[in-house]
Amino acid sequence: MDEYESNLPPIPSHLQKADRAISTLVAKKPLTLETARGRRKLAPPFAQARYDTALHESAHLVAACACYDSCIYSVVVEPTGKGAPRYPGTAPAVLGTTGSAELYCDQEAFVSLAGYYWSKSFGGEINAEGDLHRAKRELRWGKMPEDDLVVHTSANAFVIDHEPLIRAAAGAVVALAASNGELTGPKLHQLVAWIRRRVTRLESRFDHSRARQARDYVRRLGMGKF
Ligand SMILES: [Zn+2]
């Protein structure tokens with residue numbers, strides 16, 4: 001049994017069946033170069049690209065799941081240059097996207113950086129510079145540059161700590177995605193619930209610290225609690 005399958009929090013009975021189904025899927029269909037070929041039986045170079053993309057997007061996905069207030073609405077793993085759709089806001093070379101929205105800007109940066117640090121630590125032919133730029137933009141909103149290092153460090157540590165879960169989720173993404181490479185709707189929601197049960201929850205760091213500062217300030221002014 002993998003480490004992420006032990007000491008799990010309880011779940012409501014109506015979700016147990018879906019949770020077990022994903023566990024079975026993960027055990028039976030791990031991500032390999034063969035499963036990455038998909039229904040279209042891609043040639044090896046494309047299968048390798050799809051394999052790398054699935055892992056990279058899974059790093060974003062698992063990181064987004066760690067932010068409990070996030071909304072995750074799509075994961076796309078699209079393998080080929082030929083006929084591949086261009087998604088709004090992405091360069092043609094981008095082979096996958098993970099659509100999620102986090103509540104706090106440091107969490108947004110964290111989710112972007114999870115992809116960046118995954119590719120840095122575990123390789124693959126993914127250009128993750130876009131993730132780095134997005135993270136920088138989000139961190140600028142936070143206006144607390146001394147905390148940027150905390151977000152970078154936690155994203156890097158997160159992908160290393162969660163490597164088995166990220167690999168497991170990548171297998172599930174490839175197995176559950178439609179033939180156009182998209183994973184959305186109930187299947188995605190079930191996978192998200194499965195990951196959330198196994199991931200280490202990440203609290204927003206600097207927005208919470210700012211909220212605390214604001215509370216302390218208000219108390220000092222004698223305006224009571226809020
Ligand atoms: Zn990315």
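The model is predicted: local features need pLDDT of at least 70, side-chain atom pairs count only at pLDDT 80 or more, and totals for chains, interfaces and linings use all residues. Residue numbers start from 1 along each chain as its sequence is written.

**Overall make-up**

- The protein has eight helices and three strands, where helices (H or I, at least four residues) and strands (E, at least two) are DSSP runs numbered from the N terminus.
- From the N terminus on, the order of elements is α-α-β-β-α-α-α-α-β-α-α.
- Of the 226 residues, 38% are buried, meaning that 20 or more other C-beta atoms, placed from the backbone, lie within 10 Å of the residue's own; 12 or fewer is exposed, and in between is partly exposed.
- Among contacts (C-beta atoms, placed from the backbone, within 7 Å) with a separation of 6 or more, 76% link residues 24 or more positions apart.

**Strand pairing**

- Strands E1 (residues 71–77) and E2 (residues 96–101) run antiparallel and are joined by six bridges; two strands pair if DSSP finds at least two bridges between them.
- E1 also pairs with strand E3 (residues 182–183) in the antiparallel sense, over two bridges.
- Val75 stands opposite Thr98 in E2, and its bridge partner in E3 is Leu183.

**Around Gly38**

- Gly38 lies in the loop between helix H1 (13–28) and helix H2 (44–66).
- Gly38 counts as partly exposed because it has 19 C-beta neighbours inside 10 Å.
- Beyond its neighbours within four places in sequence, Gly38 is in contact with Arg50 and Val174.
- Gly38 and Ser179 are 141 residues apart along the chain, with their C-alpha atoms separated by 7.9 Å.

Conventions:
Contact = placed C-beta atoms within 7 Å.
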